[in-house]
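Have the sequence and the 3D view open side by side.

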Amino acid sequence: MQDIKFLNTENLSLLPNEVKIPDYNRSKIQTGIVHIGVGGFFRAHCAFYTDKVLHKNTTNWGICGMGLLPNDRKIIDTLNRQDGLYTLMSTQSDGVLSARVIGSMIDFVFAPENPQIAIKKMADPAVKIITLTITEGGYNFNEATKEFQIEDPTIQWDLNNPQHPKTVFGYLTQALKKRRDNNIPGLTLQSCDNIQKNGAVLKKMLLSFVKKAQPDLIDWINQNVTFPNSMVDRITPVTKPSDIKKLKSEFEIDDGWPVVCEPFIQWIIEDDFANGRPEWESVGAQFVQDVGPYEKMKIRLLNAGHSLLGFLGTLYGCKTIDETIELPMFRSFLREFMDKEVTPVLGNIKGINIEAYKDTLIQRFGNKYIKDELSRICLESSAKIPTFLLPTIKEQLVNGGSIHRGTLVVAAWCRYLEVAGTPGYNYTIDDKMATTLQTEARASMSNDPMAFLKIRPIFGDLVNSKQFVETYLHLIDTIRRSGIKKTIEELQMSQ
């Protein structure tokens, strides 16, 4: 009978030898980083890199995980019970599974319970970096205009109730004000989300809020706070009950919320830090002057490729990324999209063999042990598609290049929305714009064929492109009449 060990500090030394555990004294680690949005990706990525740095006898870069939303309580309670420890599970394409216990998270704050404690923590002089993974939608910008949505009800709440904020902007503003008023040095605000120029976006959105909430703080922020751009990459599926069970059976670890990820990892960061930083470059991160070309490559190829497989695969009846990419039809279509529509707009990227990068992406997508569910890929697409896919279509229109494959993804998204919940399509739309998306997608089936494309916060003036509209209308009509397989076959024969 297996001797299952509950994951906590006391039991670390009892874990199997093949499980790597923190070899540093966690009781001596000080908090130098506050992270907002403790999810699977952060724990597989930034917290993993920081754990590796702490193995090098550094003591001042521990992480305080912070949840600002009511539904963050579950993850914070789970990690608190485990003394902040969790298991990172990685499976190679040949099926070899490894497990590593991460110890870089040493403290947690659930902000809704006491906002002032959260603000005080972010203003602590020992905290020199605040990192964020708040998803694309968390930045509260209009997808078409890229401007801050000051009219959002929660933003209005924060403006009227500054001591009891609900959004990241309200919390950051109060923390930065406290640092200024108490003559505490500035810090670095580092986005780790999949948004092109994520640091610049964070700065623009925060200053848009501060301009209304605390205008006298703007100059101090500009002089004392930096917002480095970064490109992050590691496929991290949602943890399933079967993952927890597998960890118990193979490594005898009882972990309430382990993280599953692929072996591949990448972090490219602009070296623009206001008040020091960990030596992440010593454990594999890459610091550059301009992260733009790298993030463009990743967002346009990996993230857009994920969306392509997500919508097309779901319409075909697939459930996971690896299941979808294993079908020759989807594998070849994805590669054509990468080669003929994305690669022409990327240009040369220093130190990157773009053909090898695309080969690696397809190999990563095909890792059958990761089981990245299409439902995860498709959620919050109203924030993803305008960032991952539409810019490629727009650039190809300007350059006179092909847009058929990218436009097919848009048409597949519309079809995915309009059939949701009908026989054979047993899924719901998980998106903060779900009602608008489904209403307009279904309206385009009868009343107005252009209804979906007229959602201005998403498509902007793309609806005015005759070439795009004609291509889209033909493809959505073909999908409705003949299904996704026939549509792909017809498109491949015509190109």
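Start with Lys166: its charged end sits over the ring of Trp157, 4.2 Å from the ring centre. Sitting over a ring means that NZ of Lys or CZ of Arg is within 6 Å of the ring centre and within 35 degrees of the ring normal. Arg43 does this too, with its charged end over the ring of Tyr86, 4.8 Å from the centre.

A word on the ground rules. This is a predicted model, so local features need pLDDT of at least 70 and side-chain atom pairs count only at pLDDT 80 or more, while totals for chains, interfaces and linings use all residues. Residues are numbered from 1 along each chain as its sequence is written, and side-chain values use heavy atoms, leaving out hydrogens and water.

Now for ring on ring: the structure holds 16 aromatic pairs (rings of Phe, Tyr and Trp, the last by its six-membered ring, with centres within 6.5 Å; planes under 30 degrees apart are stacked, over 60 edge-to-face, the rest tilted). Take Phe273 and Phe287, whose ring centres are 6.2 Å apart with planes at 70°, so they pair edge-to-face. Phe273 is buried at 15% relative accessibility (buried is under 20% relative accessible area, exposed over 50%, partly exposed in between, with a 1.4 Å probe and protein chains only).

What about the cysteines? A search of the whole structure turns up 0 disulfides (pairs of cysteine sulfur atoms within 2.5 Å). For Cys46, the nearest cysteine sulfur is that of Cys192, 4.9 Å away. Cys46 is buried, at 1% relative accessible area.
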